[in-house]
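The structure comes first, and the notes follow.

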Amino acid sequence: MKYPSAVNLPFNGEIIKDRFTLARPGDGLGGGPGYWIIIQGNAMVVKEEQGAIFLHEGTLPSWLEAKSEPLCFGSWQNSPIYGVVAGKNQILPAPYVAEPFNAAEDDRLDESFLTLGGLALQTLHWERNSAVCSRCGGSLQRIENTWGKRCQSCAYEHFPHISPCVIVLVKRGDQFLLGRKSVWPEGRYSLIAGFLDFGESLEECVHREVMEEAGVEVENLRYVGSQNWPFPSQLMAGFVADYAGGEINIDGEELEDVRWFSRDAMPPSLPAKRSIARWIIDSYT
């Protein structure tokens, strides 16, 4: 199995922990040459040479029309690593290519590059969405040596927002429940998932989401692992649950179809192997 444990999935820090250190703004890291994560839309710009892929190394590329201030978010292999956003219409000179984060199956970006790209996405997203105080509209100033910011008007402190979500495999004997959204590629089915609501535990969220999206009840919930999901900034908590009753009933808003599948009758397309959804399907069906 490609990922023996959820902790080994891309976007989780375990993959790069021996080569990467997350920066604390103001700690003096950055300012010199280093590695670059260049984000263009939902893709990462890399160099392709003789079939191999590399990060840009050195200073900011002269051809790049940056749409964000370069941000040093850590050190990679003992050198600073920066994140920056390129315009969607930016023309990439050879040997630079844009590799999508959401490749349907076989990523050309390896697990390390995916994880570094995810970190860049999250930190750039936080910087872009923390320019002003959501409480009073005042300007924010960095809290020394943290990613947090303090409002200069009302003194309210803001820290990076990470949204908890549940994702669950519902089993009924040798069958399992999968659903699909209308915006997904044709034939793609995945697990039931959703955001935690006010006043909910993770387990309560599982019960509610499965009922809302599929119309069935579950029992015997087991937590199986989690994954950082930087699109834009989620934490996916994975569960397996047993079917407890009810008939499939969908409202057509969240999902357009929900069905029971089995190993002998799989959907045409499953989530990519880099996702916890696919890891749970591969591990527990």
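## Contacts of Leu 55

In this predicted model, Leu 55 touches Tyr 35, Trp 36, Ile 37, Met 44, Val 46, Lys 47, Trp 76, Ile 81, Phe 113 and Leu 116. Residues up to four places away in sequence are not counted here.

## The nonpolar cores

Leu 55 also belongs to the largest nonpolar core, which has 25 residues. Along with Ile 37, Ile 81 and Leu 116, Leu 55 is listed as having the most contacts inside this core. Two or more residues come from each of the strands β2 (34-40), β3 (43-49) and β6 (71-76), and from the helix α1 (111-128). The helix α1 gives the most, with eight residues.

Another core, of 20 residues, lies apart from the largest one. Among its members are Ala 6, Ile 167, Phe 261 and Ile 276. In soluble globular proteins, nonpolar side chains tend to be buried together.

## Cysteines

A disulfide is a covalent bond between the sulfur atoms of two cysteines. How many disulfides does the model contain? The count comes to zero. For Cys 133, the nearest cysteine sulfur is that of Cys 151, 3.9 Å away. Cys 133 is buried, with a relative accessible area of 4%.

Cys 136 is in no disulfide either. The nearest cysteine sulfur to Cys 136 is again that of Cys 151, at 3.5 Å. Cys 136 counts as partly exposed, at 41% relative accessibility.

Definitions and conventions. Residues numbered from 1 in each chain as written. Predicted model: local features only at pLDDT ≥ 70, side-chain atom pairs only at ≥ 80, totals over all residues. Heavy atoms only, no water. Disulfide = S-S within 2.5 Å. Buried < 20%, exposed > 50% of the residue type's maximum accessible area, 1.4 Å probe, protein only. Core = buried A, V, L, I, M, F, W, Y, C linked by side-chain atoms within 4.5 Å. Helix = DSSP H or I, 4+ residues; strand = E, 2+ residues; numbered from the N terminus. Contact = heavy atoms within 4.5 Å.
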